[in-house]
Amino acid sequence: MARVLIIGFGNPLRSDDGVGWIVADQLRDQIADPEIEILTCHQLNPELADRIADAQRVVFIDARVGERPGTLAVESLASIAYSPGGFSHQLDPAGLLACAWELYRHSPEAFVVTVTGEDFGFGSRLTPAVAALLPSLVAGVRSLVSTAEPQVGGEGVNGSAPEDECNGDVFGN
Amino acid sequence: MQNIVIDPVTRIEGHARITIQLDEHGVVEDAHFHVTQFRGFEKLCEGRPFYEMPALMARICGICPVAHLIASAKACDAILAVRIPETAEKLRRIMNLAQFVQSHALSLFILSSPDFLLGMDSDPARRNLFGVAEHNPSIARDGIRLRKFGQEIIELLGGKRIHPAWVVPGGVSEPLSVERRDTILRDIPEARDIILRSILWFKRQLENFREEIRTFANFPSLFMALAKESGGLALYKGWLRVVNADGDIVADNLDPARYQEFIGEAVEPWSYLKSPYYKPLGYPAGMYRVGPLARLNMAKHCGTPLADQELAEFRELERRFVLSSFYYHYARLIECLFSVERIEELLHDPEILGKHVRAYAGPNNYEGVGVAEAPRGTLIHHYKIDETGLVTWANLLIATAHNNLAMNRGVLQVARHYIKGRVVPEGMLNRVEAVIRAFDPCLSCSTHALGQMRLQVQLLEADGRVISEVKR
């Protein structure tokens, strides 16, 4: 059982949507801790719920659509309140946490790290605005998984975007 | 005349809409299942090298990429004119069987079990995996575990669970290691136990769904599937067989490569999904069904002990062939059981660790057809190439399309039974959706579109005005 689970998700063939995969790949090169498991996937499917339930901490890395490309945001998913709506077989991070809680009665501490993308068209390269954030993204996720009590964001700890959005240090490190 | 529109149809793979037309007296006159998405893979593969086809065609679907890998690779085998190594064929079979387990588990446990556990008339906001988890978490856990079991085998064989590129023209790209074989074997008993208790649970549910069993696409039709000479369940290769509702063989030993001689493909202006039919009976009388129900109706035996026991009981459901499409769900569970048993047998075969897993050749034919049973039914890939090996033409005949005529007739049957007048309770519309879910259509596979899973039901006035609409 991994103590920490890092999940980079999105479509690596859709330019900036692949940022989660690229960060995860770079983390794989840097982290040799057997208690940290790093996954990549296109979507968050329900079968990830048991791995989530086994972890003590989970970090999701994803791209998002927004007005300011290259904006980095870190959100703490403290609540498991979730409304599934028309759910079929893919979930968002909150849904996956809720699923883990409903099925296994364990929902770990979780963070969602997102970068606002610029281009989601076909392609396997990041735009410069997103690529420029890679070093701080990788370092930031490392701090989230290595700190006993991670400090997130400046103003918006545990809050939703945009309070903890910025282009620089939102990891509190 | 009024129309009821269900848009989007929920808990299916892809985008669809159902319209139900009422006459002046509020009686259901007609109904259609419209597939509103378009993929276009047949066209976009033109000009690509044929050996790229398996990896490209796997992109058709994130649920059943393996089915397309297998059928596509078989079409390429035919272009190479090679006989693939025995070990490669067995390894492909294991991956195909693992896909049956994960795909059937998704259909039954995640998409359809909310109807069984919470009821067709339950609160639609709870009719999902979360509602199931609240009502009966062990069923939800079993479903997730079973799907994961299949996905992990695919990942262990192919390197990744979605779009593995391990199945290639001429065989597979890499042999199976002892460690990976043993990892799969380790999980077999748990998967088998999950399926056995799920079958028991499902059989107990049947009594609560007698009306749905009686009305869910329950009519005589032809059935088509791959068949073995021995009469056993054929999932990877065989001849095509067509039987009627009485179980009489209508056509046998049909060469799948010559499918165009006996399967016609009709196109309707209200759907992107083609409507294949059995040519000798014409359109639409040549309606046939494929998939788990067709396969189990046709198979004399599955070929593994526990699945054969369950098949014997399945046969007792109706006096002759099992005609109600509600039983597709039941058939899926039996196929899961067969798949797990067969995977275990194949993994114990000493040849399975063989190192010779690929035959090499250049293109020796300008045309190739690949056929296999996908979870939803018979899947056909047909390519033509030029002298440089570039694809000039492709035709894909997908399992969901084979069932299109039957799904439309099923929607009409359910609508006629449950919809009385202009005020339609949500639970009645859910039954109209549920008959579609029984077939487990994969619309992303079968129309070649991007986006979320949606479903819509519309109730239309005699003049075409929408008087009721459900969208999700």
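In helix H14(B), the buried residues are B:Leu429, B:Asn430, B:Arg431, B:Val432, B:Glu433, B:Ala434, B:Val435, B:Ile436, B:Arg437, B:Ala438 and B:Phe439. A residue is called buried if 20 or more other C-beta atoms, placed from the backbone, lie within 10 Å of its own, exposed if 12 or fewer do, and partly exposed in between. Helices (H or I, at least four residues) and strands (E, at least two) are DSSP runs numbered from the N terminus.

The model is predicted: local features need pLDDT of at least 70 and side-chain atom pairs 80 or more, while totals for chains, interfaces and linings use all residues. Residues are numbered from 1 along each chain as its sequence is written, and chains are lettered from A and ligands numbered from 1 in the order in which they are written.

H14(B) covers residues 426-439 of chain B. Eleven of its 14 residues are buried, so the rest of the structure largely encloses this helix. Directly after H14(B) comes B:Asp440, with a positive phi of about 50°.

A partner of H14(B) is helix H13(B), residues 404-418, whose axis comes within 9 Å of that of H14(B) and crosses it at roughly 155°. H13(B) is therefore roughly antiparallel to H14(B) (the class for angles over 145 degrees). From H13(B), B:Met407, B:Gly410, B:Val411, B:Val414, B:Ala415 and B:Tyr418 meet residues of H14(B), namely B:Met428, B:Arg431, B:Val432, B:Val435, B:Ile436 and B:Phe439. Two residues are in contact if their C-beta atoms lie within 7 Å.

Chain B also holds an open sheet of four strands, in the order E8-E7-E6-E11 and with mixed pairing. Strands E8 (249-254) and E11 are the edges, each with a single partner strand, so one side of each has no neighbour in the sheet. Strand E6(B), residues 222-227, is mostly covered, with six of its six residues buried. Two strands pair if DSSP finds at least two bridges between them, and the pairings of E6(B) are set out here.

| E7(B) | 239-243 | antiparallel | five | B:Ala227 and B:Trp239 |

Elsewhere in chain B, B:Leu346 lies in helix H11(B), residues 328-348. B:Leu346 is partly exposed because 18 other C-beta atoms lie within 10 Å. Leaving out residues up to four places away in sequence, B:Leu346 touches B:Lys90, B:Arg93, B:Ile94 and B:Ile352. B:Ala312 is 34 residues from B:Leu346 in sequence, and their C-alpha atoms are 23 Å apart.

Chain A has five helices and six strands. Along its sequence they follow the pattern β-α-β-α-β-β-α-β-α-α-β. Of the 173 residues in chain A, 48% are buried. Among its contacts between residues at least 6 apart in sequence, 75% join residues at least 24 apart.

Key: Expected span 1.5 Å × (residues − 1). Axes fitted to C-alpha atoms, helices over the stretch in contact; angles between N-to-C directions. Parallel < 35°, antiparallel > 145°, perpendicular 65-115°, else oblique.
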